[in-house]
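Hi,

Here is the structure I promised to pass on. Have a look at it first, and my notes follow below.

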Amino acid sequence: MNQQLHGVSETMLIPLWARAEETRRKHPIIRDEKAVTIVQGMDYDFGKFKNAWLTQVGVSVRSMLLDDAAERFLHLRKDVVVINLGAGLDTRFERLNCEAVAHWYDVDVPDGIALRRRYFSEGPNNTFLAASMFDESWLDAIEDSGEHVLIIAEGLLMYFTEDELKPLFRRLAERFHHAEMLIELLPPFLVGKGKKHESVSKVGDAPEFKWSPRKTRDLETWHNAIQFVEEWNLYDYHKGRWKWFGYLGRMPVLRPRLACRIARLRFS
């Protein structure tokens, strides 16, 4: 199985492992029994990640923050369309199980969707779309009212350049008026250091980290419809789990370079 994945596609197994590890803890930040089941049954050497504790905590906290932000969005609206970019083996659709979801689209490259189909099934309100997020064709498959749309990009954007991402964000802003987008942003100091990263370096053909804005509000310059709403720094949550690195990440002088964030954007 693992021979079918490499580079960015193989990185989908890292958050799966991290959520499974967290679920086994006595007081987990999040629970993901589906991830535990998949990891236990998959023919893959997850042991290569066993020392990647920063990654494991980071994935757990980011998953919690994204779950909470998505739930708040869904709680205030009805008939929401959710677009999950780079879905991989994400279990958020199953974790949230929210009645406000009119339809949930999991978008990923063909290899990613092929693996996803081994462990997940589509349903009346959940569709898998096998396409690169840069391929405009998947946009034609989205059925929405134009009002209540939530787009999620977790563990994804850092693998692409600003020049690649700008046209994507512009298309999303022009296609989904009044939508909101939740994105994970890598600490800026990690750009160019993917091959030295404690977990990403362990996958075959380790991909590089190519992008992270120092100021999230800079994304507003990409299109006049993009509005920065708010963001959350991972190091501000579950501080005890971050150990010494959390103290560094919260120091004012280092915070901008070390900031690992979940940002909320709105398309006007």
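**What I found**

Leu248 is partly exposed, at 30% relative accessible area (buried is under 20%, exposed over 50% and partly exposed in between, using a 1.4 Å probe and protein chains only). Leu248 sits in helix H8; helices (H or I, at least four residues) and strands (E, at least two) are DSSP runs numbered from the N terminus.

Before you read on, note that this is a predicted model, in which local features need pLDDT of at least 70, side-chain atom pairs count only at pLDDT 80 or more, and totals for chains, interfaces and linings use all residues. Residues are numbered from 1 along each chain as its sequence is written, and side-chain values use heavy atoms, with hydrogens and water left out.

Next, have a look at Tyr237, in the loop between strand S6 (226-233) and helix H8 (243-250). Tyr237 is partly exposed too, because its relative accessibility is 28%. Setting aside neighbours within four places in sequence, Tyr237 is in contact (heavy atoms within 4.5 Å) with Val61, Met64, Leu65, Trp232 and Trp242. Between Tyr237 and Ile29 there are 9.9 Å in space, C-alpha to C-alpha, though they are 208 residues apart in sequence.

Then there's helix H6 (residues 110-119), where the buried residues are Gly112, Ile113, Leu115 and Arg116. These lie on the same side of H6, because they cover an arc of only 160° around the axis (taken from the directions from the helix axis to the C-beta atoms). Their cover includes helix H2 (13-23), helix H5 (92-96), strand S2 (101-108) and strand S3 (126-130).

Cheers
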